[in-house]
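Q: Hi! Could you walk me through this one while I have it open in my viewer?
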Amino acid sequence: MVEKFIRLFNIINAIQSNPGISAADLAFKCDVDIRTIYRDLRLLDTITPITNTGKGTGYRFMGNFFMYPLNFSEQEALVFSLLPSMVDEDKLPPGFHTAYDKVMSTHHKEKSKQNSIIEDITNIIQMGTPAYRKESPNYLQPLIQAILEQKTIQTTYHTQYRNETTERKIDPYYLVPRDQRFYLIGFCHTKQDIRTFRISRFLKVDSTTETFDKSDFNIKKYLKNTWSIEQGEKNITFKVRFNAEVARYIREEELFVHPRMTDNKDGSMIFGVTVNNEKEFIRWILQYGPAAEILEPASVRETVKSQLAKWTELYK
C-alpha cells in the first residue's frame, strides 16, 4: 500500500512537471510495467480528470488541478509526520524515505512562505498607538496566523470601561477594521460567548496548540444592524437628510448595514437606516455638521438640539 501511494505521488509529480508524458516514460520513472501505470492512471482519473487525446500525445491533467502547495492542515501534517513510525521498516520499499522527505520539505517550505507573506502583510498595515503609550506592539501577525490555522490564542486583555486586565482564551474568527482601528471578533472562553476585542487593548497574544471550529457562525448575521463595531440592545430606525454637497460621498461609505437612499431633485438625499447603537450613529452624523439633518426619530432630534444648545453656550 505504501509503495502504491509513493508511485501515485510520483506519477502526479511527473505529469505535473511534464504535461504530455507517455505511459512508457511513466513506467520507466516508476520502475513498473506499463499495465500497472494504466491501472494507476484509471485510479487517479477518479480523483482529477486526466486526458490523453490520442496516440503519442501523452497524459496531462484537465482543468486547473495542481498538487503544490500541499496545504496540509496542522492535523494532516502531524498524521503524515507519524507515518514512518507506523509502518514496518523492513517492508518499506526503496525510495520511501527520500519521497517522504520531499513531501515534508515541501510542507515546511510552504509553511515558511505563508509565515513570510503574513509578516509582509502586517508590515504593510500600519497601526497607530494609543495616546497614553509610547509604543504599541503589533499583534496582527500572530492573530492572522491563528485565524488561518484556526488556533485558540492565550491573551492578556485590558477592558477600558472597567479598567480591568484579564487573562483570556479566545478562538479568533475575524479581523474587522473600523474607524482607524482593528477589532477581533471571536469566541471568548471566559464569557462562553462571541465577543469583540479592540486590538490595541491586547497586552499579550500567544498561540496555543488547541484548534477550534467556527461551526455555523455567520459574521454578517452577527453584525446585522451594527453601525460601526459596538452592538446595542435595541434597534432604532433613523431618517437623515444630507445636502447635495455631501450626498455623493455618503454613497461611498462602506457599511455593514443596508441603508435606504432616496435622491431629491435638488441633489440632496434622504438616508434611512436601522441600527442597534444610536450613539455610534449619532457620532457619525455629527461629523457632517449642518450638511446632515436628523429627521427621525423625533426624540433623537430633540436630544441633538439640546446638545447643540450646550455647545453654543460653551463657545460664547
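Predicted model: local features only at pLDDT ≥ 70, side-chain atom pairs only at ≥ 80, totals over all residues.

Q: Good to know. Which residue does Arg 241 form a salt bridge with?
A: That would be Glu 293, with the closest N and O atoms 2.7 Å apart. Glu 293 lies in strand β11 and Arg 241 in strand β8, so the pair ties together parts that are 52 residues apart in sequence. Glu 293 counts as partly exposed too, because its relative accessibility is 29%.

Q: And which residues are linked with them in a network?
A: The salt-bridge network consists of Arg 241, Glu 293 and Arg 301.

Q: How many salt bridges does the count come to?
A: The count is 11. Another of them joins the side chains of Glu 210 and Lys 169, at 2.5 Å from N to O. Glu 210 lies in strand β7 (residues 202-211) and Lys 169 in strand β4, so this pair connects parts 41 residues apart in sequence. Glu 210 is partly exposed, with 31% relative accessible area, and Lys 169 is partly exposed at 28%.

Q: What about Arg 195, which partner does it have?
A: Arg 195 forms a salt bridge with Asp 193, and their closest N and O atoms are 3.0 Å apart. Arg 195 is partly exposed at 31% relative accessibility, and Asp 193 is partly exposed with a relative accessible area of 37%.

Q: Let's go back to Lys 169. Which residue is its bridge partner in the strand pairing?
A: Gln 154 is paired with Lys 169 of β4. Strand β3 (residues 151-159) and strand β4 (residues 164-178) run antiparallel, joined by 7 bridges. The two form a hairpin with 4 residues between them, and Asn 163 in the turn has a positive phi of about 50°.

Q: Which strand does β4 pair with over 8 bridges?
A: Strand β5 (residues 181-188), again in the antiparallel sense. Here Ile 170 has Cys 188 in β5 as its bridge partner. In this hairpin there are 2 residues between the strands, and Asp 179 takes a positive phi near 50°.

Q: On to the hydrophobic side of things. Which residues touch the most other members of the largest nonpolar core?
A: Phe 238, Phe 242, Phe 271, Phe 281 and Trp 284 do, in a core of 23 residues. The elements giving two or more residues to this core are β8 (236-242), α9 (244-250), β10 (269-275), α10 (278-286), β11 (292-296) and α11 (298-314).

Q: Which residues is Phe 238 in contact with?
A: Setting aside neighbours within four places in sequence, its contacts include Phe 271, Val 273, Phe 281, Ile 282, Ile 294 and Val 300. Among the others are Gly 272, Glu 278 and Pro 297.

Q: What does the second core include?
A: That separate core has 16 residues, including Ile 21, Cys 30, Leu 44 and Ile 50.

Q: Now the outside. Which residues form the nonpolar patch on the surface?
A: Leu 308, Trp 311, Leu 314 and Tyr 315, together with about 510 Å² of accessible area. Trp 311 is found in helix α11 and counts as partly exposed, at 42% relative accessibility.

Q: Last one, the overall numbers. How many helices and strands are there?
A: There are 11 helices and 11 strands. Of the 316 residues, 37% are buried. The accessible surface comes to about 20,400 Å², with 51% of that belonging to carbon and sulfur atoms. For contacts between residues at least 6 apart in sequence, 58% join residues at least 24 apart.

How values were computed: Residues numbered from 1 in each chain as written. Heavy atoms only, no water. Core = buried A, V, L, I, M, F, W, Y, C linked by side-chain atoms within 4.5 Å. Buried < 20%, exposed > 50% of the residue type's maximum accessible area, 1.4 Å probe, protein only. Contact = heavy atoms within 4.5 Å. Pairing = 2+ DSSP bridges. Patch = residues over 30% accessible without salt bridge, like charges linked within 9 Å, V, L, I, M, F, W, Y side chains within 5 Å. Areas by Shrake-Rupley, 256 points an atom, 1.4 Å probe, with all protein chains shown as cover. Salt bridge = Lys/Arg side-chain N within 4 Å of Asp/Glu carboxyl O.
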